[in-house]
Amino acid sequence: MLTVTQALDQIVREVVAFKPEMVALDEALGLTTAQDVISQEDSPPFDKSLMDGYAVKASDISSNRVELVVVDEITAGRTPSCDIVSGQATRIMTGAPIPGGADAVVPVEQTELINGNSDRVRILVESISPERNVIRQGTNKHIGEEIVPTGRRLRAQELAALAELGDARIAVRRQPIVAVLATGDELVTTDQTPGPGQIRNSNETMLCAQVRNASGVPVPLGIARDNRADLRRLIKEGLNSDILLLSGGVSAGKLDLVPSELEHAGVEQIFHKVRVKPGKPVWFGRLRRGSNSCLVFGLPGNPVSSMVCFELFVRTAIRRLIGQFPATPQSLTARLTHSHSHQDDRETYFPASVDWTADGPMVRLMKWHGSSDLQSTVDADAMVVFPPEPKEYAVNDRVEVILWDR
Ligand code: AMP
Ligand code: MG
C-alpha cells in the first residue's frame, strides 16, 4: 500500500497544468497566473507630490519664516508650466508632478500666504530635508520588475497592481470543473428526513464547498444508488468534467461497486488504498480523452475520511491543474497543548486547532470519535500529522500540522 507521500508523488507526476488563457482583469479574480507578469512602466510614472503644499528647493529653507515667490500652481492631472529657481515655489496638490528645480514639498499647514496674496508664501518651518513629501518615478516598481509571479491566485491587490501598470489582459489558468457524485442506498438529500437506516448526503455539501475553496467549480450530480445501472449513468455524466469526485463505495463492502464501474468506464487506476487514517480506501485514476483527461477520485464515504482525502489528494491535483506551487500540502511545526497516545501504524491526520501564541504555534487536538465524526472538524482549522508508528506524545512535543483551506 502506498504511503501518503508516495500517493502525492503519483498525483504530481500524473497531473499537468491547464493551458494558459488570456482573460480581462475583471474576469480574473480567484484565477491563477500562468506567467510572470513584468512591468512595462514605472510606478509612479513621474516624480510626484505626496502632499498639498508648496514645491520648493530644500536648500532655500534655512531659517524660520523664509518667504518665497509662488510662480505656478499644479493640480493632479496637470503638468508644471515652469521650473523653479532659488527663491521660488510652486503651489502643488497631492499626486501632481514635481516641477523641475524643486526637491521637497512643504505641507500647506506649515505655510501662510503673505498679506493674503496668493503670489507670495511664508514657510513656517526652519528646514526641510530634500525628498521630503516627494515620491520619485519608479520608487514602487521599475520597468522590467515582476508585478505578479506565475502560479499566484489573483486577489484584489494583485489585480489592482496589474490594473495600475496597464495590463488589461492577463494569462491565467481556468478553474477546473469538478463533478461531485455521492453513492449509497442509505442516502437521502439534506432537505429530507432520513427513514430507518438512512442518513443525509452531507458529503455533497462538504465536497462542493471544498471544491470552491480550492478554486474549482463544483457540479453536484446527486446520489447514485449502489447498483450498476445508476452508477454507470452518473459516472458517464461525471467523466465530462475535469475531475470527478465520488464518495463512498470504494472499500471492500458487498455493494462497493465504484472501482469496478470506473474500470468499466475505461478509467485507468493509478492507485487504490493509501496507508492513511482516515481515508485508507481512497482510489485515484484517470480517463484519457484525446489531449485532455478526467481525473477521478473515489473518496471513502465516511465524511471525515472524504474531507481529509480531499485536502491531501484532490487539492494537490487541483493545484497542479491550475499551476499553483507548491502543489502538495505544506506543513508547519507546532507544539501540543496536551499529551496524546498515538497507537496506529498508519500516518494519521487528526483534527486540531492552532493557537498562535507569543511562544509560537500551539496545537490542540479535538475530541475525535473517528471518521464519521464531522462535529470534531467544526472547531478545527488544521490536522496534526502523526507518523505511522505508535508513540506517547507529551505536552509541548513538536508535531507537524497542516492548516485547512490553504
Ligand atoms: P462507504 O464508503 O460507501 O462504505 O460508506 C462509509 C460510511 O460513510 C457509511 O457509514 C456511509 O453511510 C457513510 N456515507 C457514505 N456516503 C455518504 C455521504 N454522501 N454523506 C454522508 N455519509 C456518507
Ligand atoms: Mg456505500
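1. In this predicted model, helix α1 (residues 4–14) and helix α6 (residues 303–322) approach each other with axes that come within 9 Å and cross at roughly 25°. Angles under 35 degrees count as roughly parallel, and α1 and α6 are therefore roughly parallel to each other. The handedness of the α1 and α6 crossing is right-handed.

2. The contact between these two helices can be described residue by residue. Divided by class, the contact of α1 with α6 comprises 8 nonpolar, 1 polar and 1 charged residues.

3. Helix α6 also packs with helix α3 (residues 202–213), at an angle of about 25° and with the axes 10 Å apart. The cut-off for roughly parallel is again an angle under 35 degrees, and α3 and α6 are therefore roughly parallel to each other. The crossing of α3 and α6 is right-handed.

4. From α3, the contact with α6 draws on Ser-202, Asn-203, Met-206, Leu-207, Gln-210, Val-211 and Asn-213. Their counterparts in α6 are Pro-303, Ser-306, Met-307, Phe-310, Glu-311 and Arg-315. The class division for the contact of α3 with α6 is 6 nonpolar, 5 polar and 2 charged residues.

5. The surroundings of ligand 1 deserve a separate entry. The ligand is surrounded by 15 residues, of which the closest are Glu-186, Asn-201, Gly-249, Gly-301 and Asn-302. In the side chain of Glu-186, an N or O atom is 2.7 Å from an oxygen atom of ligand 1.

6. Backbone atoms also take part in the contacts of ligand 1. For Gly-301, a backbone N or O atom lies 3.0 Å from an oxygen atom of the ligand. For Asn-203, a backbone N or O atom lies 3.3 Å from a nitrogen atom of the ligand. Asn-203 is also one of the α3 residues that meet α6.

7. Two peptide bonds ending in proline should be noted when the backbone is inspected. Most peptide bonds are trans. A cis peptide bond joins Ser-43 to Pro-44, with omega about -10°; Pro-44 is found in the loop between β3 (37–38) and β4 (48–49). Another cis peptide bond joins Phe-325 to Pro-326, where omega is about -5°. Pro-326 has its place in the loop between α6 and β23 (331–336).

8. A last backbone point concerns phi. Most residues other than glycine have a negative phi. At Glu-131, phi is near 80°, a positive value in a residue other than glycine. Glu-131 is found in the loop between β10 (117–123) and β11 (134–135).

Note on methods. Residues numbered from 1 in each chain as written. Chains lettered and ligands numbered in written order. Predicted model: local features only at pLDDT ≥ 70, side-chain atom pairs only at ≥ 80, totals over all residues. Heavy atoms only, no water. Axes fitted to C-alpha atoms, helices over the stretch in contact; angles between N-to-C directions. Helix = DSSP H or I, 4+ residues; strand = E, 2+ residues; numbered from the N terminus. Parallel < 35°, antiparallel > 145°, perpendicular 65-115°, else oblique. Left-handed = near helix turned anticlockwise from the far one by under 90°. Nonpolar A, V, L, I, M, F, W, Y, C, P; charged D, E, K, R; others polar. Near = heavy atom within 4 Å. Polar contact = N/O pair within 3.5 Å; in protein donor to acceptor, adjacent residues only side chain to side chain. Contact = heavy atoms within 4.5 Å.
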